[in-house]
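Open the structure in your viewer and have the selection panel ready. The tour below goes stop by stop.

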Amino acid sequence: MAKSSGRTLYDKVWESHTVDVLPTGQTQLFIGLHLIHEITTAPAFDMLREKNLQVGFPERTFATLDHVVPTDMRARPFLDSQAEDLTQALEKNTSQFGIQFYGLDSDRQGIVHVIGPQLGLTQPGMTLACGDSHTSTHGAFGTLAFGIGTSQVRDVLATQTLAMDKLKVRRINIRGALPEGVYAKDVILSIIRRLGVGGGKGFAYEYCGPVVEKMNMEERMTICNMSIEGGALVGYVNPDATTFEFLKGREFVPKGKDFDRAVAYWSSIASDSDARYDDVVDMEGSEIEPTVTWGINPGQAVGISEKLPYPEQCSDPEGAKRAYEHMGWKAGTPVLGMPINVAFIGSCTNSRLSDLRAAAKIAKGRRVHPGIRALVVPGSAAIKALAEKEGLDRIFTEAGFQWREAGCSMCLAMNPDKLAGREICASTSNRNFIGRQGSPGGRTILMSPAMVAAAAVNGKIVDVREHA
Amino acid sequence: MSADVKIVKVSGTGIAVRGNDIDTDRIIPARYLKEITFARMGEYPFYDERFDSEGKPKTHPFNNPKYRGASILFVNKNFGCGSSREHAPQALFRFGIHAIVGESFAAIFAGNCVMMGIPTVTVTSAEIEELMKLVELDPQNRFAMDLDAKTLSYGERQVRFDIPDTYRNALITGFWDSTSMLLSNLDKVKKIAAGLPYMTGFRG
Ligand code: SF4
């Protein structure tokens, strides 16, 4: 029987990683794993050099290339000289400081939050930091994973620690079971819609309950990924047999007897059954519908059968008005049937094998609607290879989707994949912010991979349950 | 360990940017993150809200000459949500913003600000509305922020603000740039690391 001592996973991992309480009152926290990419790190390495500092634990940092890489071809130098400069800076910095780097020529390259778990670098009971807000993804493993800024990247490089404030913990319990055609993406959009984009401020979110327990690791990653969109710096799921099964045999996961010891440790760090929480929220899984966003933040979302809300019905009426202004949509109209121009399946939220399978199931034997640009971008080189082995690439290309190389792609505007003008994009990514996909007038509708595939073949938002 | 500049008082004129949930993509569009240093970030804050696709200025407080030289920014709820990009506070700081007063701030953004020595302090909705109106009516109004007393003074008036104690301590003691403080504990860091089972691959 698990030892009961009333502590959450968050408490346990926080304590085991506490180095000291600093004069400011903050906690100095050891960071077990540091992941870096080309965007937020160049100035951090410059700061190290300015201060004449070394990298304290170079073997605990891993680097890859994801944000700026073109996904239609991988030839170097990149046509975009800024992308090339950032890439060369990362190559230089990692080689100078002795950091493992998975570049475009590596079969381990991919979106930083996809490759950490895939390689087994991300493990339960660890602290993890990355200069990227979606670092919360790694919480799916029972990891305390923090998105940080560049000055903090410098601190982790120099000391393998961060000055942090302890968060409160909110338990989010999803009861029952999800209906057919409802996915992890719908669950997290529903959570953010209910609790608000700022609702998680000051909290770590612990996701639990029968719906989460039943989810595979990829689905749990989708949920944890968007914790930050709900304002929670950290989101996590307690590790269980599903977690251990996923990790077994991966490159950086201990083998044999060491694995057994690891599993014992990982089990011990899960929240106690009598753990105390600062807040508890219950939701009913069977009430969740396929969910899509209608506005300019991920909390502005509705179930597929609903009509677009009137600003007065929203928690932030002014924000809702601004959203309608940008989207060019009218309150009171059904979201079903809204036309789209672009379909994007990818990003650290939804670019893993099960996401691609769910989208391929819908795309199979159908055609992308005329005039629609549809992209499928696997989250890593390894996922791309696995998907091709299953023939998913053929299903997509035969249906008229473009099948791309791994990268962040159209999730954000830092590589050639962008929206143009006022295009509307059905997207599996995590942010519908104004300008996020590269055009100041562009519009983004967030939804699950199956929903995006269904929108792509129909040319408009449909209920995937009627198009399976 | 050595302390940086102690940040206790910030004073100057104000500028207000209204709206809840202003995300860091709006504060600094992603394309500017492709620059390899922060050096030019001061040219870009709110770029796509300030300029149209031809580069012609639009109506925006950051374009309005009457707010030129402002050093205190007033905002509403959940300011700085979204991406962790430190480019956002860098852009504001290099534009001339040295303190931000709002209803609430997103976690990573506020953390980045304190690491750069920018106080992010909170007041009530009613107070922020009054402060914003004041700034818009008379941009020449001067504000004096005192982190020690947790007050913002202007004219004859004064409001009390909130700031997490740890942030306030870091700023007023000059340890907001945390590296030296963290480095001074390196022996302890090594001890904690050695006790974590994953650091040795769970070998028995
Ligand atoms: S896929 Fe999008 S959200 Fe994820 S790391 Fe890349 S840019 Fe950030």
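Start with the ligand: the space it takes up is the largest cavity. Keep in mind that this is a predicted model.

**Around the ligand.** Select the surrounding residues on chain A: A:His67, A:Ile111, A:His113, A:Asp132, A:His134, A:Ser347, A:Cys348, A:Cys408, A:Cys411, A:Leu412, A:Asn430 and A:Arg436. By class, this shell splits into five nonpolar, five polar and two charged residues.

**Helix 4 of chain A.** A:His113 from the ligand shell is also one of the buried residues of helix 4, so select residues 112–119 next; buried here means under 20% relative accessible area. How many of the eight residues in this helix are buried? The count is eight of eight. Among them are A:Val112, A:Ile115, A:Pro117 and A:Leu119. Step just past the helix to A:Gly120, where phi is positive, at about 75°.

**The largest nonpolar core.** In general, nonpolar side chains in soluble globular proteins tend to be buried together. The largest nonpolar core here holds 217 residues, and A:Ile461, B:Phe74, B:Phe79 and B:Ile100 have the most contacts inside it. Now colour helix 15 of chain A, residues 449–458, which supplies the largest share of this core, seven residues.

**B:Phe79.** Centre on B:Phe79 and show its contacts beyond four places in sequence: B:Ile22, B:Ile27, B:Phe46, B:Leu73, B:Leu92, B:Ile100, B:Ser104, B:Phe105, B:Ala106 and B:Phe109.

**A second core.** Finish on chain A with A:Phe344, A:Leu375, A:Met410 and A:Cys425, which are included in a second, separate core of eight residues.

Conventions
Residues are numbered from 1 along each chain as its sequence is written. Chains are lettered from A and ligands numbered from 1 in the order in which they are written. This is a predicted model: local features need pLDDT of at least 70, side-chain atom pairs count only at pLDDT 80 or more; totals for chains, interfaces and linings use all residues. Side-chain values use heavy atoms; hydrogens and water are left out. Buried means under 20% relative accessible area, exposed over 50%, partly exposed in between (1.4 Å probe, protein chains only). Helices (H or I, at least four residues) and strands (E, at least two) are DSSP runs, numbered from the N terminus. A nonpolar core is a set of buried Ala, Val, Leu, Ile, Met, Phe, Trp, Tyr and Cys residues joined through side-chain atoms within 4.5 Å. Contact means heavy atoms within 4.5 Å. A residue is near a molecule or strand if one of its heavy atoms lies within 4 Å of it. On a 1 Å grid over the protein atoms alone, a cavity is a set of points where a 1.4 Å probe fits but cannot get out, and a pocket is an open set with protein on both sides within 12 Å along at least five of seven lines; lining residues have an atom within 4 Å of a point. A molecule sits in a cavity or pocket if more than half of its atoms lie within 2 Å of its grid points. Ala, Val, Leu, Ile, Met, Phe, Trp, Tyr, Cys and Pro count as nonpolar, Asp, Glu, Lys and Arg as charged, and the others, Gly among them, as polar.
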